[in-house]
Amino acid sequence: MTDLELYATQIEELAKRLGMDYYPVDFELAPASLMTEIAVYGLPVRMPHWSFGVRYIHQLVRQSMGHSKIFEVMFPGDPCRAFLMDSNSDAENALVTAHVLGHADFSKNNQLFARFHSMAGANIVETAAAHAHRIQLAIEAHGVERVEQVLDAALALESHIAIDGELHRSRYPEFIEPKQAPLRSDFQQRFSQLPGVDAPAKPKAGQVRAPVPPHSEYDLLWFIANYAPDLEQWERDIFLMVRCESFYFYPVFACQIMNEGWASYWHARLLREADFLPQPLYLSAIKAHSDVVRPFASGQETALAINPYYLGFSIWERIVQKHGMDRARQVRTEEDDFGFIRNWLDEELAEESGLFVYEARPGDEIRVATKDIASIREAILAPKFNFGAPRVAAVELKHDGSLTLKHDHGNDGRGLDVTRAKRVLEYVNRVWRRPVKLVTVNDRDENVELAA
Amino acid sequence: MAIRISAETPWYDLFSRGARDWLRHNQKVREAVKDTLPDLLAGADLMTRPNRTVAVPVKFLEHSRFRLSDAQVQQGAGQGKGEPGDVLQPGREEGDQQGQAGGTGDGEIRFVVELKIDEIVDWLWEELKLPELKPKRINTMDQPEYIREGWDKRGARSRLDRRRTMKEAVKRHAVQGNTALKEDDEPLSLINDDLRFRQLVKRPSPATSAAVIFALDVSGSMDEAQRRLAKQFFFFALQGIRRQYAKVETVFLAHAAQAWEFDESQFFQASSSGGTVTSSVARLALEVMGTRYDPSRYNVYFFYASDGENAAEDRDEARGTLVDIAKQVNYAGYIETGGVASFRPRDTQLAEIFAEIKGTGLPVGTSHLASQDDVWNAIRQFFTEQAAGE
């Protein structure tokens, strides 16, 4: 048994004693190359697409400049799968083991994670690998260009799922349900018996087709998979695979601050109480901890971003300190980042941490705008709404098969970036294979219609 | 709990998914670069320059997503010392903005793809499925050429093949059982029978030199865009011809009311406010052919780009001289530039003249260039007609 295995076993015993609750975790030591790929793809084996290649190079560049150090990647499930970097020190990896247990506890109990778990099963790593395999088969059968065309569209719409909706969803009802005849009250019965009153005209027989979509449809991946007029089965499959992975990524995205904070809280606590760790190892691990949760790069006094590890960690410490562990566990179960930040990031903590809202104006001048707590919360949450994507819905499918998308600019506050939106429409058009148009507004708030 | 460290090569070491997708991206970049080639290539004086590569700065391809347009004032959450109103980062001076433009953004990385023109042209020929040109086979053009063919025991001293001769000597020694071949000290003895002389045979071969005469109308009515199109066409026509001939020489003639010869660097800059007299340049071309590039010894190609407007009184003169050219050259191409896409109410004078000449069966082709895409069509048309005419 290596030292690390010994520590890991001991840390796990301690975690159980402290009441942590999680599915078993499979740890694997992996080389830097795999860790980089996981950071880029989000999953150890995922479908091929050229856009990942671009991210891959960016990640390599960042790593070579020392801007990005990967400690661990953890995939919730039953069992959870965790990858540790084989080149990190034992101290770092002991810290990471504790950290991963925090994630494991979080993902078993948080309702968003639990919901995905119940919809898509407990092994996303294998599910995604199976997707990748099916896409590989599709490439062999239909050629890389055709598969790429589908992935261009599906991955561009990756975030456009209905985040509150179901993973497995049936098509819209085809017909409008006939309206129930209203119950006849005593008065109406007597009234109809009066002489000289005609019976009301009977409604026409037959069913009425429901319009598609019956309401604005924000689950674009689902909608295209189900209603694109000329989509082949394997193409539809690709859309649904991308959609499934998006459902997996959503809880990770929407609970990032909570989840990283919770894991940081637990790694700090487990290490603090781990009297079995040799002193030097404990010190290096605590040093690694403070590097992870520090708010700014060393030697700087301000940061134009908030380190989620730091923020989550501070909020959790405060909750545990003020309200006790039981309350903290309840918060872990019930909230996502929106509730977490709005309910638990209070003025006092914001003040202590020196949080602020900044404004960048054209010309790149950046000023501190306000320290108002409500504004701080919204500034933190703004990039997280709606899976970080503008709200775009399918609103009309015409008889000729043409599709109309509408951007809810009222909710988003401004229009779409037209150049990019046009390119996305082109991607969509190549799989929809009928005219596709999109309505949004320009910077003068006038409606603009893009078409492809 | 167990921490797995597998001893065998783990699955993920077998290949890199990141590298695979990166290669695919690069493939797409190259395709994208090729789409903009005509424009890139027309940018520089590449026709006659010896070092024939173009460096193309490329950005990463972006996989677009729906995104909100940039807000006037961007907000974000930050942390650290600072009170409302404090400046965290001063704005840029107006002057800086220039240098920054285009290169900023979140860590945007650019790289340069260096492409060899020959490679590009090879690719184009494949892509456009253009036929290869053949030198014209007219008897008068055939230059007799001596070709080595075989050896003989007798011949002029100057054609002695030393290597062959030595081989014969070695063979003879071996046959005679004289196995004790010494290294350097004792030279192999030669007898007359060992001598081998190269034989030459006289063979007619088609001329492999070509001369390409580019004529450009630089009168006031030819604007920048039209010249650019002409330049692009000229460039690719020349590349195509270069693929075929061992030696290609170029002549650049520009004209308005008069015609002059230029070198390439000045050729596309030349401009004149005078009227347009086509016969002037045609006569100059004839003169060049007469003095330097005799069509009986060179494969001469003549390309003429103009907006088609020629002085009315020059019509007959122009027609006469152009017919003279068409009779002597391998091919004469007329490229008419300008015009709003396909909206052309009537043929221009030059278009009519060239149509007439073509009617007489001379190797003449005409194309109309209104946009970049037409360049490809014109190139394809030129090379297919040219190949069919043989």
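1. Let me start with chain B, which has 11 helices and 13 strands; helices (H or I, at least four residues) and strands (E, at least two) are DSSP runs, numbered from the N terminus. Please keep in mind that this is a predicted model, in which local features need pLDDT of at least 70 and side-chain atom pairs count only at pLDDT 80 or more, while totals for chains, interfaces and linings use all residues. Residues are numbered from 1 along each chain as its sequence is written, and chains are lettered from A and ligands numbered from 1 in the order in which they are written.

2. Of the 390 residues in chain B, 31% are buried (20 or more other C-beta atoms within 10 Å of the residue's own, with C-beta atoms placed from the backbone). Contacts here are pairs of residues whose C-beta atoms, placed from the backbone, lie within 7 Å. Among those in chain B between residues at least 6 apart in sequence, 81% join residues at least 24 apart.

3. Now to where the chains meet: 70 residues of chain A and 45 residues of chain B take part in the contact. On the chain B side, strand 1 (3–4), helix 1 (17–35), strand 3 and strand 4 (87–89) each supply at least two residues. Helix 1 of chain B gives the most, with eight residues. By type, the chain B side has 17 nonpolar, 16 polar and 12 charged residues, counting Ala, Val, Leu, Ile, Met, Phe, Trp, Tyr, Cys and Pro as nonpolar, Asp, Glu, Lys and Arg as charged, and the others, Gly among them, as polar.

4. Strand 3 of chain B deserves a look of its own. Six bridges join this strand, antiparallel, to strand 7 (residues 355–360) of chain A, where Val357(A) stands opposite Ala77(B). Strand 3 (residues 74–80) of chain B also pairs in the antiparallel sense with strand 6 (residues 302–303) of chain A, over two bridges; pairing takes at least two bridges found by DSSP. There, Thr302(A) faces Gly80(B) and Ala303(A) faces Gln79(B).

5. In chain A, do follow helix 4 (residues 90–109): its 20 residues reach 29 Å from first C-alpha to last, close to the 28 Å expected at 1.5 Å a residue (1.5 Å times one less than the number of residues). Helix 4 of chain A is largely enclosed by the rest of the structure, because 17 of its 20 residues are buried.

Conventions. A residue is buried if 20 or more other C-beta atoms lie within 10 Å of its own, exposed if 12 or fewer, and partly exposed in between; C-beta atoms are placed from the backbone. Two residues are in contact if their C-beta atoms, placed from the backbone, lie within 7 Å.
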